[in-house]
Amino acid sequence: AAMDVFTYLKERVAACIAVGMVRGRIVIDPGIGFGKTLDHNLDILARLDMYRDFDCPVLLGASRKTFIGKLDGDAAPDNHLGGSLAAVLAAAARGVRLFRGHDVAETRQALAVWRAIEKN
């Protein structure tokens, strides 16, 4: 799954550049959720670092996604904060710097702590 999404997005980036778009203005979103299985989502999340080769910002939108509930006994989406933050921190460790989510203050705080630890 991760390689299928990667290949598709690589082709889309190339098409955008071919028509004159500036690489730095293209944002890559691997589309966590959106018809993917639990294993597909985990595979994509584990391999987010391969998008660094695109030289484009990567956006992650994993907040409150179904895969989090599946990993936690089918918890309701409003009980996915811990899993959402774990996904954000795992993605940050793999080079992702843009996040779309529901719990902005908590995500900002988690990233601030993570960055402080990483700087040490």
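Asp-55 counts as exposed, because its relative accessibility is 60%; the word exposed is used here for over 50% relative accessible area, buried for under 20%, and partly exposed for what lies in between (1.4 Å probe, protein chains only). You will find Asp-55 in the loop between α2 and β1 (59-60). Although Asp-55 is not a glycine, its phi is positive, at about 60 degrees. Helices here are DSSP runs of H or I with at least four residues, strands are runs of E with at least two, and both are numbered from the N terminus.

A word on the model: it is predicted, so local features need pLDDT of at least 70 and side-chain atom pairs count only at pLDDT 80 or more, while totals for chains, interfaces and linings use all residues. Residues are numbered from 1 along each chain as its sequence is written, and side-chain values use heavy atoms, with hydrogens and water left out.

Arg-64 sits in the loop between β1 and α3 and is partly exposed, because its relative accessible area is 29%.

How many salt bridges does the structure hold? There are three, where a salt bridge is a side-chain nitrogen of Lys or Arg within 4 Å of a carboxyl oxygen of Asp or Glu.

| Arg-100 | Asp-29 | 3.1 Å |

Is Asp-103 buried or exposed? Asp-103 counts as buried, because its relative accessibility is 14%.

Arg-100 is partly exposed at 38%, and Asp-29 is partly exposed at 27%.

Asn-41 belongs to helix α2 (residues 38-46). Asn-41 counts as buried because its relative accessible area is 3%. Which residues does Asn-41 touch, leaving aside neighbours within four places in sequence? The contacts (heavy atoms within 4.5 Å) are Ile-32, Gly-33, Lys-36 and Phe-67.

**Positive charge on the surface**

Arg-52, Arg-97, Arg-115 and Lys-119 come together in a surface patch of positive charge. Patch residues have over 30% relative accessible area and no salt bridge, with like charges joined within 9 Å and nonpolar side chains (Val, Leu, Ile, Met, Phe, Trp, Tyr) within 5 Å. Arg-115 is part of helix α5 (residues 104-119) and is partly exposed at 37% relative accessibility.

Arg-97 can also be placed relative to Pro-77: the two are 20 residues apart in sequence and 23 Å apart in space, C-alpha to C-alpha. Pro-77 lies in the loop between α3 (66-71) and α4 (81-93) and counts as partly exposed, at 48% relative accessibility.

Note on methods: Accessible areas come from the Shrake-Rupley method with a 1.4 Å probe; for residues, only the protein chains shown count as cover. Lys and Arg count as positive and Asp and Glu as negative; His and the chain ends are not counted. The place of a charge is taken as NZ of Lys, CZ of Arg, CG of Asp or CD of Glu.
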